[in-house]
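Okay, thanks for coming, everyone.

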Amino acid sequence: EACQSLVQSRTFRDKVLRVLVGQYKKLETPDYQNMCHCLMLLEDDAAVASHLSEVIKKEDDESELLAYQIGFDLCESDIQHFLLGVRNGLPALASERAPEPAAAPPAEGAEGGDTEMKDEPAAPAAPEPTEEEKKLELRVKNLRAILSGETTIGINLEFLFANNNTDMLILNNTKGSLEPRNSITHQATVFANAVVHCGTTEDKFVRENPDWFKKASNWAKFSAAACVGMIFKGCINSSRQVLKTYLPDAENGGQSGGPFATGGALYALGLIHANHGEGILKFLVNELKNNKGGDEKAETIQHGACLGIGLAGMATGNEELLEDLKSVLFSDSAVAGEAAGLAMGLVMLGTANGRACEEMLSYAQDTQHEKIIRGLSIGMALIMYGREEGADTLIEQLTRHKDPIL
């Protein structure tokens, strides 16, 4: 903690952290918890996975609990690409190991005659795992669940649902005292409901006032659909079921509420799966690709899909997602391009990816759309998030730029 707060230079701080890791390792009883914390700050997922594997393989219960506690501590960092690297570096489960190929039998046959056809021997069955192997496999599964965020998300949802003490009378009185035709106050009340019920899964206010919610139009409808994602934040196993009335009916049997509602629902999926998007990214990318075109409907849906992809793929550093978002950006649509710029920054959050920054800056200088320039500016800032002096070159370049937004 002292190193993080007192050492200003990131380069020197990294050296100090490396020394600390060595010192913790030399202790009579290695301090794995602090070692892993230092290695997390150094973004060395391979070393963290190696140390966790050492701890989880020990047979005593205290080591098992220590591994789980380190997993929870690491999960708080919310760095997707780092946590994914740690999970992939843990010991492989028996079900993930490739079976050994059977040895090819020697060819037999009479001289000058046809080779006798024989049934090929079946591949040898995998040996039954021992009790120790079963125990280790269970531990690794539990640790992977913790590092994926599934365990933490479930605990948070249970806590928020059980401790939801929102006073519905305040919301109902607010709604009743405002002019329903005033879009600004209507939207503000929708936001208020989403904020007070964030993550609780309590959508009673939405269910009891369907006609009132339908008064929203255009981008207000987009925001209203997105607010459902705030209420159900963390419901990663039932997100598409929750939003089925807004999503395209070809996917889930619901009735799509138009481009603004559909775009808002795709954004809501990103809010629900924020930083835990493995299960929804493929769907969002497909929706992005299925709505190509220069018309207003497609742009609105692309806007929501880009925001959803940015949130669900946040900090993954996924190059494929970056390419999909660039294709939207290069279409030079102000509405979709702004969201694409933001999403590119979210996907590459904190990675300091120089190539991505160069491409974004180059396009920001070429486009005439102020919205796209604004989205790309924030996107570049997100890419350099937390890089400290590593961002100085880009900061210097942008502060001297003639465009005031950049």
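So, Ser 377: what does it touch once you set aside its neighbours within four places in sequence? The contacts are Ile 405 and Leu 406. Keep in mind that this is a predicted model. Ser 377 sits in helix H22, which covers residues 370–383. Is Ser 377 buried or exposed? Its relative accessibility is 14%, and the cut-off for buried is under 20%, so Ser 377 counts as buried. One more distance here: Met 360 is 17 residues away from Ser 377 in sequence, and their C-alpha atoms are 8.2 Å apart in space.

Thr 300 is part of helix H18, residues 296–312. With a relative accessible area of 2%, Thr 300 is buried. Where does the side chain of Thr 300 reach? To the backbone oxygen of Glu 296, at 2.9 Å. And if you skip residues up to four places away in sequence, Thr 300 touches Trp 219, Phe 222, Pro 259, Phe 260 and Gly 263.

His 197 is in the stretch between helix H10 (183–196) and helix H11 (204–208). What's around it? Again not counting residues up to four places away, His 197 touches Asn 164, Thr 166, Met 168, Leu 171, Glu 202 and Ile 231.

Let's move to helix pairs. Take helix H2, residues 10–26, and helix H3, residues 32–41: their axes come within 9 Å and cross at roughly 160 degrees. Because of that angle, H2 is roughly antiparallel to H3. As for handedness, H2 and H3 make a left-handed crossing. Which residues meet there? On the H2 side you have Leu 17, Arg 18, Leu 20, Val 21, Tyr 24 and Lys 25, and on the H3 side Asn 34, Met 35, Cys 38, Leu 39 and Leu 41. Sorted by class, that contact has 8 nonpolar, 1 polar and 2 charged residues.

The other pair is helix H7 (residues 131–148) with helix H8 (residues 150–162). These two pack at an angle of about 65 degrees, and their axes are 4 Å apart. H7 puts in Ala 145, Ile 146 and Ser 148, while H8 brings Glu 150, Thr 151 and Thr 152. The classes for H7 with H8 come out as 2 nonpolar, 3 polar and 1 charged.

Last topic: backbone angles. Most residues other than glycine have a negative phi. So where do we see a positive one? Asn 218 has a positive phi of about 50 degrees, and Asn 218 is not a glycine. You'll find Asn 218 in the loop between helix H12 (210–213) and helix H13 (219–231). Asn 218 counts as partly exposed, at 47% relative accessibility.

Then there's Ala 352, with a positive phi near 55 degrees, and again the residue is something other than glycine. Ala 352 is in a loop as well, the one between helix H20 (334–347) and helix H21 (354–366). With 28% relative accessibility, Ala 352 counts as partly exposed.

Terms used:
Residues numbered from 1 in each chain as written. Predicted model: local features only at pLDDT ≥ 70, side-chain atom pairs only at ≥ 80, totals over all residues. Heavy atoms only, no water. Contact = heavy atoms within 4.5 Å. Axes fitted to C-alpha atoms, helices over the stretch in contact; angles between N-to-C directions. Nonpolar A, V, L, I, M, F, W, Y, C, P; charged D, E, K, R; others polar. Buried < 20%, exposed > 50% of the residue type's maximum accessible area, 1.4 Å probe, protein only. Polar contact = N/O pair within 3.5 Å; in protein donor to acceptor, adjacent residues only side chain to side chain. Parallel < 35°, antiparallel > 145°, perpendicular 65-115°, else oblique. Left-handed = near helix turned anticlockwise from the far one by under 90°.
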